[in-house]
Amino acid sequence: MTMETLEFQAEARQLLQLMVHSIYSNKDIFLRELISNASDALDKLRLAKLQDGLEADTSDLHIEIEADTEARTLIVRDNGIGMTREEVVALIGTIAKSGTADLLAKLKEASESKGDAELIGQFGVGFYSTFMVADKVVLVTRKAGTEGHGTRWESAGEGTYTLEDAPDVPIGTTVTLHLRPKDEEDALYDYADEWRIKQIVKRYSDFISFPIRKGDETLNSMKALWARPRSEVSDDEYHQFYRHISHDWSDPLEIINMKAEGTFEYEALLFIPSRAPHDLFQRDARRGLQLYVKRVFIMDDSKELIPDYLRFVKGVVDAADLSLNISREILQQDRHIQMIRRRLVKKVLSTIKDLMTSDPEKYATFWREFGRAVKEGLLSEPDNHKPILEIASFGTTAQDEPTTLAAYVERMKEGQEEIYFLTGESRSQVVNSPHMEAFAEQGYEVLILTDPVDEIWVDAVPDFDGKKLRSIARGSVDLKKDEEEKEPEGDFAPLLGFLKEKLDEQVKEVRLSHRLTTSAACLVSDQDDITPALEKMYRAMGQEGPRVKRILELNPNHALVAGLRSAHERGADDPALPETAELLYGTALLAEGGDLEDPARFAKLLADRLARTV
């Protein structure tokens, strides 16, 4: 095939321009990205031979670096899996990963502030970092298992690239960088310099499990960090390893080392990130831990090793007693894997619990970034309700900062037997809800639950520390201590019956309320009914169920309710009363953030009523 010139995808072109023209405080990381890509290619070749029976020589898998100070070139070569022509276009000519817009925004922001923008690699686009240091890049590659020619890719990073066949190319990938002139004021160093190459490899890639060679010298130790004692590994080494496996540009929040010996041996090195990835709640996001067997890489996204609610945890598990050709199907059933999973979960949860006392600031960061995901475990893992609830924090009416359930229980009023909570879309909506009125007046603390998952898990968790969780928007509430304070419902019976008749399509019952102090009315669900928010969530997922009617509660001490009773006593056939009933129901629905069935009719009724008062 003759040479063809192609254009980069629009987002890739923007990214290239940012790489070339932006100011970065650390351009060294381009070499880390190239070595990381090469390491992945070597892993893939070894795995293809092991699991798919690919015929390939894996006796000397390695990465080779060559530098020519006179020609100003730097070459990174591997004898890994290689790429086809189509894969070159897909992996380099376009950015197929989600989150591209987010990446570009972060890069622009960082470049404008001239900050340290180590964002490369976050979305798997580390190859583009080469254009920070090179004005031309040439890639030659051939896919293992293919016959004949390979592919030659070349670009100056200016919006286009060329592709042509490359005959007699060995299996693997060679990347040649034609380096820009040295400019130390711009942190652009001489990357053909042997000392700088060694320094970068030692700092960023010492842990790579394949030899990185320059001439006859191997530049990296190839020591698996998870197999080394914590005391022998620096924080910087851990941080670089974390960046290598996670493609995150920030340091991890916490490092977890594990080692199990005995009947089943394994080692693990886990990281809790310091911030949530952009795709934390995207179904197609890659997740899982890297699995090794006796230091041999098996797969990099083993979901079987960590539950979905801890999907943000990154790291490596190295098992000593698994087969090297273990498949995903076998992993799902393997009892050793299940045992490792249980122990990893226990260790992660206990580590987070320790942070609550040892480093509250770190814990606060963790819960802010990942709490919503962790609470999913209350639905998927009933056996872990207790440890998950012990590390959870929730908004509360007692203070601006979140509280733990244990702290809530300690503050409970004498005689209080339940943990009160209210769900809603935002803190302000919940705090200002009519359901809160009596609880606020009498000094009862109420948890403020605003994550969508809160609507679901509260029904799956019966209690905490023997205290039942109770929604203040469900069932009946009676906080008044003095029986004489309670309004006799018999005085309101005719009005309640009238309202039930007129609002029969909307409500199942109308009754007096003991939860209201300033509002005229509110809507509550029966104790065993699903909430309106949950009903809406099910409908959004295409699960149409029967409509659940709710209960309208009236505040007998409110002037509107008292006036309505008097008007009804004077004449139950007054044509204005049914309209008042509609307005009363509508205002109760709006006060809790609900949606009116017919907003236009409500607005007209309200305007007409207001016009008569002016």
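**A partly exposed arginine and the chain around it**

R341 is partly exposed, with a relative accessible area of 22%; buried means under 20%, exposed over 50%, and partly exposed in between, using a 1.4 Å probe and protein chains only. The model is predicted, so local features need pLDDT of at least 70 and side-chain atom pairs count only at pLDDT 80 or more, while totals for chains, interfaces and linings use all residues. Residues are numbered from 1 along each chain as its sequence is written, and side-chain values use heavy atoms, with hydrogens and water left out.

R341 belongs to helix α8, residues 335–358. Helices (H or I, at least four residues) and strands (E, at least two) are DSSP runs numbered from the N terminus. Leaving aside neighbours within four places in sequence, R341 is in contact (heavy atoms within 4.5 Å) with K303, E304, L305, I306, P307 and E381. R341 and T517 are 176 residues apart in sequence, and their C-alpha atoms are 51 Å apart in space.

The chain as a whole has 20 helices and 23 strands. Its radius of gyration is 32 Å, well over the 25 Å that the globule rule gives for 614 residues, so the chain is more spread out than a compact globule. That radius is taken over C-alpha atoms, and the rule is 2.2 Å times the number of residues to the power 0.38. Along the principal axes, the C-alpha atoms fill a box of roughly 105 × 60 × 45 Å. Of the 614 residues, 50% count as buried. Among contacts between residues at least 6 apart in sequence, 71% join residues at least 24 apart.

Two packed helices are described by the angle between their axes and the distance between the axes. The axes of α2 (residues 29–52) and α5 (residues 194–205) come within 9 Å and cross at roughly 65 degrees. Here axes are lines fitted to C-alpha atoms, for helices over the stretch in contact, and angles run from 0 to 180 degrees between N-to-C directions. I29, L31, R32 and I35 of α2 make the contact with I197, I200, V201, Y204 and S205 of α5.

Two loops remain to be visited. Most residues other than glycine have a negative phi. R72, in the loop between β2 (63–68) and β3 (73–78), is not a glycine but has a positive phi of about 60 degrees. H247 also has a positive phi of about 60 degrees without being a glycine. H247 lies in the loop between α6 (235–246) and β10 (254–260), and at 27% relative accessibility it counts as partly exposed.
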